[in-house]
Amino acid sequence: AILTHIMCVAMNRDIVSVLLGGYGTSATGGGEAMVFEGEATFTDVEATVENLKAAKEVIVVPGYGLAVANGQYAMAEIAKELRAQGVNLRFAIHPVAGRMPGQLNVLLAEAGVPYDIVLEMEEINDDFKDTDICLVVGANDTVNSAAIEDPNSIIAGMPVLHVWEAKNVIVMKRSMGAGYAGADNPVFIKDNTDMLLGDAKKTLDAIKAKLDD
């Protein structure tokens, strides 16, 4: 019951919608969802590593994709290396990231990520605008700007991490597909976003290897 309440608050949804697996409620507009137009730009591991090494402020937003790929250990090593090089790297956790509240916190803790650099949404959301790079690893709905930009989106009104406010956003995903809610994510086609597609663990391993060169 406690976990269900946390999910309801984090998603700004009533208990019936959450229990039935839905997103939309009376808080969602009654019209058609917006069609966001634009083309995604893509990047690669080498460019990603160079950008991360050149940054001063980095926020990593892990999602369910990181958990599925079992990429938390590689991510922890990347964080350790970049912080050793003077990068102020921190993690931003959405209350319902993963498949249950706290899943990503546990995974990062298991991988040895220090607690003091793992921050909750309300603690870090205002910091994105002062961030050089936001690295999104396997998250989708929890970073979807349609929740704010489109009153008719199925996730309208859901609190999300404002990753698009960072100077540059790198989104690691297996594909360009929609998330659990089925809503298109306009962050993927914003001018300051580059997509880095592929299996999260393999890509993180490649980033770690490049950092070690």
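Lys 167 is partly exposed, with a relative accessible area of 46%; buried would mean under 20%, exposed over 50%, and partly exposed lies in between (1.4 Å probe, protein chains only). Its side chain meets that of Asp 132 in a salt bridge, 3.8 Å from N to O. The term stands for a side-chain nitrogen of Lys or Arg within 4 Å of a carboxyl oxygen of Asp or Glu. Lys 167 sits in the loop between helix 8 (146–149) and strand 6 (168–173), and Asp 132 in the loop between helix 7 (121–124) and strand 5 (133–137), so the pair ties together parts 35 residues apart in sequence. Helices (H or I, at least four residues) and strands (E, at least two) are DSSP runs, numbered from the N terminus.

A word on the model itself. This is a predicted model, where local features need pLDDT of at least 70 and side-chain atom pairs count only at pLDDT 80 or more, while totals for chains, interfaces and linings use all residues. Residues are numbered from 1 along each chain as its sequence is written, and side-chain values use heavy atoms, leaving out hydrogens and water.

Now let's follow helix 8. Glu 149 lies in this helix and Lys 190 in the loop between strand 6 and strand 7 (193–197), so their pairing ties together parts 41 residues apart in sequence. Their side chains form a salt bridge of 2.9 Å, N to O. Glu 149 is partly exposed at 30%, and Lys 190 is partly exposed at 23%.

Next comes Arg 174, which counts as exposed at 61% relative accessibility. Arg 174 forms a salt bridge with Asp 199, with the closest N and O atoms 3.0 Å apart. The structure holds six salt bridges.
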